[in-house]
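Open the model in your viewer and keep the selection tool at hand. The stops below go from domains to cores.

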Amino acid sequence: MYKADIVYSPMILAREFVRHENARMSDFSTSETDRPLILQIGANNVTDLLRMCEMVQPYVDGIGLNCGCPIKDQVREGIGAALMSKKDLVADMISAVKKKFGDKLTMEIKIRVHPDVNETLEFVKCAEDAGVDFITVHGRTKDTRSSVACDFEKIKLVKQHARVPIVANGDCRSLEDAYRIAKLTGCDGVMAVRGVLYNPGMFAGHVKTPWGAVERFWDLSTNYGLPFRLIQHHLSCMLDGQLLKELHIQLNEANSLAELLDFFDEKFILKRQGEEGFGEAIDVPYRESKVAGESHCSLSTEAPSIPVATVH
Amino acid sequence: MSKIVPTATEYNTGQVVVRKGSGTVKVRKGQTEEEFLEQKNRFLERGPVVSNAGSFSDLLKDISLDDRTVRLDKLDKIPREKIFQDLERLYYMREYTICQSKAKALGAQMDIPEGTDLKVKKNRNLGRIVEFLHDLEERCERRLMAGGQK
């Protein structure tokens, strides 16, 4: 719909996934339109990773080993960014997966850069030798704050030395950013994470979340049964900067899905599937014209396509 | 400790040693091959939750005031949440009459003894269920009064 070429699942912990049915039901649901789908996995040992791959392989196009998550609780467990200092373990995990599944399962790793980029180049070479299919590189170290700009020079250097496709990640908040990052780094694709969370239409050239995406999100999320707090969080991000402050606060303060829906129906024109114009509006359609906020515009550039990836 | 730290190439049980925030060392238990196979077979029997457009479940279809088979207070969390989500979907679809009648039926089926204090800790979950159904019923009523049925 909004021109993402690849979609990723949130990070799912292999340890819990292979041991508990409730964890599987809460963490992994998919849909026939979620393709190509990379299942992002958090693991700290070969066994859990291999077992998880055995279970999910029929339902996904590839798996991504997360070596970049900086959340302390995960790092302490040896998951995410903790793997950035364990290149031999990562290589063992990659080669175990590729040995067992070969071309049936694409294997990606998502890494961060090291303070010394030579360490990153060594890490990448190790992963390539182990058989990784492609690598996503985030241009910050595990200790760099998100307020500090992404280091695209390091990503560029990784791309120049790599033998497998490299996807650049970090600070991609618009289609223009994606083209700029692709040009700057020479990478084979660009991944957006927060950018897409705040504007799912960005790869289609929308500069802000189009209202049609909000309508589609309401329809899909209530159809799929997404938990209320997740629906609220996504809507809050999607409409960030588009609503008057008091309305945004009201959105965040709703305590049930029905209350949130009452708020939307009262303040905006929220069309349902089957109604004329459903999913097509761009600007926020306020019911009361006097509270209409900022103006909106959408890019209509017919720029050449580049491979882009997105995390959802 | 080195005995229980897995060597990465070994097809072991997945037992690993981690250092907690407090500095204490904790062993995360492994999983035997038999335990894994049981989980794997259970998963592959049904596969993951696949949500497609129009996959709205039929869980609510047969629920009526006369039916006493679905007891929200006795259900596990996951199927209970699924029923809540289906009710919310009806509300979103502007099916207020159906949504209200189902919520009413589900509330009536719970059989809560008179005088039960829903605020005490042991009944808090029950209280949340009652509050959810009651709130939804009221909102449906308000929408119907305002002529909001599709």
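Which residues does the domain assignment of chain A give to domain 1, and which to domain 2? Select 6–206 + 307–311 for domain 1 and 214–296 for domain 2 of chain A; such bounds come from an automatic or database domain assignment. This is a predicted model, in which local features need pLDDT of at least 70 and side-chain atom pairs count only at pLDDT 80 or more, while totals for chains, interfaces and linings use all residues. Residues are numbered from 1 along each chain as its sequence is written, chains are lettered from A and ligands numbered from 1 in the order in which they are written, and side-chain values use heavy atoms, without hydrogens and water.

Next, look between the two domains of chain A. Their centres, taken over C-alpha atoms, are 31 Å apart. Five residues of domain 1 and seven residues of domain 2 make the contact (heavy atoms within 4.5 Å). The two domains bury about 510 Å² between them, 69% of it on carbon and sulfur atoms; buried area is the accessible area (1.4 Å probe) lost on being put together, summed over both parts.

Now select Leu49(A), Ile63(A), Leu65(A), Ile109(A) and Ile135(A), which have the most contacts inside the largest nonpolar core, a set of 66 residues. Such a core joins buried Ala, Val, Leu, Ile, Met, Phe, Trp, Tyr and Cys residues through side-chain atoms within 4.5 Å, where buried means under 20% relative accessible area (1.4 Å probe, protein chains only). Around Ile63(A), contacts beyond four places in sequence include Ile38(A), Val97(A) and Met107(A).

Last, select Ala213(A), Tyr286(A), Tyr96(B) and Leu136(B), which are among the 45 residues of a second, separate core.

Key:
Buried < 20%, exposed > 50% of the residue type's maximum accessible area, 1.4 Å probe, protein only.
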